[in-house]
Every structure is written in structure tokens, then in C-alpha cells.
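The exercises below are meant to be worked through with the sequence and the model side by side. Try each task before reading its solution.

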Amino acid sequence: MKKKITVPDILACKGQSKVPTMITCYDYTNAKLVDESDIDMILVGDSMGMTMLGYKGTVGVTVDDIIYHTKHVVAGAPNTFVMGDMPFGSYNVSIEDAVRSANRIFVEGGCDCVKLEGGTDVAPVVKAIVKAGIPVCGHIGLTPQTAAMMGGFKVQGKSFEAAQELLDGARAIAEAGAFMVVLEGIPAMVANAITEKISIPTMGIGAGAGCDMQVLVAKDMLGMNEWVPKFAKKYADLHSVIINAYNEYVKESNERAFPSEPYQYNAKIEGIENLK
Ligand code: KIV
């Protein structure tokens, strides 16, 4: 059975050859599968807005949604480190409100840490949540919660100034006490520079192979949709596997080939034809 990774283990992975991995997960059944695999961490991400709830983006996901899904993931993955995402609106009103939201996700969800998006601006929020005793992961670069401000889901940090701003943000949240930071949708050379220059481990998604850790959205890497973003490799083609299984079931039902033996119950009842 795999040993559950801890915050000190994650801090110690900086600059090591082993790359801890994380995957998104939102339910008990899939959490059990992740727990049986070699994946170290689960993110109960607000990407559930798109992958589970049919929203256009992550905005609209609530603290209650995150808590509900986190609880069931934690139940299915006792040997896997679980991160609960702080959704849009749960940490941008006031610091007090942010600590209250983080407390709820951590305590009611039962996860091992929380994650929030933003750079220098959110450093005071990170500091307050860490002071409350909750491990915090940062998230910079392409931050889906503020995609509207970026004009959509666009690669960030493509100029010297923009790369410097990302590095400043990463340093600010590290200094505020975050134990790791997600780098999303930025050029690999920028991610490499940030990884080299900050004290805490980086976790990449669309940020190249040089980060200390990697994360992917499960639905992308399992090939549940035909379309996947450029950075997401399909490690399986579950879309075809599932559609083929559904269609085979329809076909066999129509042919009355299913449920035949051994999928039916039998009994010996005299005179069954006389039932009224
Ligand atoms: O919500 C999510 O799935 C995320 C990942 C893209 C890192 O934040």
C-alpha cells in the first residue's frame, strides 16, 4: 500500500529527481482508483465547474460544492494527500472571510491543504490562512477564476515584464508561507526560471517538465472528451471505451442477447404458465 505524502515530504521534493504527481478528482469511485495508483496527490479542483457540473468556467462553484466533493474524495482515498480548492468569491471579499472559507474546506471537507489563485495581491490572504494553521498552495499564471480579466484561457508570462511579475508573485506567496505553488499555462522557460529562483516546490500544468511536481485534470489525461488542451496528453481513450460499451449494451439488449446466462436468476417453479 502506498504511503501518504505529507507537507514536509512535498517541501523536501524541491530539486529532487522524483516528481510527485497530482490529479483532479471529485468523487468516491474515482478517488478509490487514484488511491490504488502511484499518484501522490488529489486536487478537488474548482475545475469541477466544467468537468462535473456543466458550467462554462470555474466561476459559480461554491464552498459548499468543494466541501461536498472533498468529503467523498477523502473517504475514497485515505492514502492520498488531498487538496481542496478555494472557489471564486471565497477569498476576495476580506481576509476574515477568506480564513473562514479555508477553515470550512479544511475542517468540513477533511482535506490536507487548500489552494487559492493569485500572486502578490493574495499574499496577505495566504499569510492569514497559514497563521490559522492551514497549509496553503498558491496558483499563478493562467488562473481560470480570472480568465475573464485575461480575455480567456490564454498562456501567461510571454514577455520579460510578465515573467518578472509572475516570479514576484511566486516569491510573495512563498514568503507569505505557502508550501507549494501551481504554475499553469506559462512558457516552460519561465516555469524553469521560477522553479530555480523560489524556495518552495512548483507544480506545473502546461508549464513544461522542469517543475518540481506535475498536475493534470483527470478528464483530459483519461481522454474522456475528444478535445483536450494542447498541454494535456491523453494517457487513455476512455471516451471511445465508454461510448463503445454503452452502444454494445444497447445492441445486445435489442438482440435479446443480454441478460442471458450467466447474468440472470433461475428457479424451478411448477406450473409457472398458470400464473393469473
Ligand atoms: O481546478 C483545477 O483543476 C485546477 C488545476 C487546473 C490546477 O486548479
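A polar contact here is a pair of N or O atoms within 3.5 Å. The model is predicted, and every distance below is computed from it.

**Exercise 1.** Find which side chains place a polar atom 3.0 Å, 2.5 Å or 2.9 Å from an oxygen atom of the ligand.

*Solution.* Begin with D46, where a polar side-chain atom lies 3.0 Å from an oxygen atom of the ligand. Go on to S47, whose side chain has an N or O atom 2.5 Å from an oxygen atom of the ligand. Finish with K115, for which the corresponding distance between a side-chain N or O atom and a ligand oxygen is 2.9 Å. The ligand taken alone exposes 260 Å², and the protein buries 97% of that area.

**Exercise 2.** Decide whether V59 is buried, partly exposed or exposed, and state where it is found.

*Solution.* Start with the position: V59 is found in the loop between α3 (48–51) and α4 (63–76). Buried means under 20% relative accessible area and exposed means over 50%, so V59, at 46% relative accessibility, counts as partly exposed. Finally, compare sequence with space: V59 and F88 are 29 residues apart in sequence, while their C-alpha atoms are 5.8 Å apart.

Notes
Residues are numbered from 1 along each chain as its sequence is written. This is a predicted model: local features need pLDDT of at least 70, side-chain atom pairs count only at pLDDT 80 or more; totals for chains, interfaces and linings use all residues. Side-chain values use heavy atoms; hydrogens and water are left out. A polar contact is a pair of N or O atoms within 3.5 Å; within protein, one must be able to donate a hydrogen and the other to accept it, and residues adjacent in sequence count only if both atoms are side-chain atoms. Accessible areas come from the Shrake-Rupley method with a 1.4 Å probe; for residues, only the protein chains shown count as cover. Helices (H or I, at least four residues) and strands (E, at least two) are DSSP runs, numbered from the N terminus. Buried means under 20% relative accessible area, exposed over 50%, partly exposed in between (1.4 Å probe, protein chains only).
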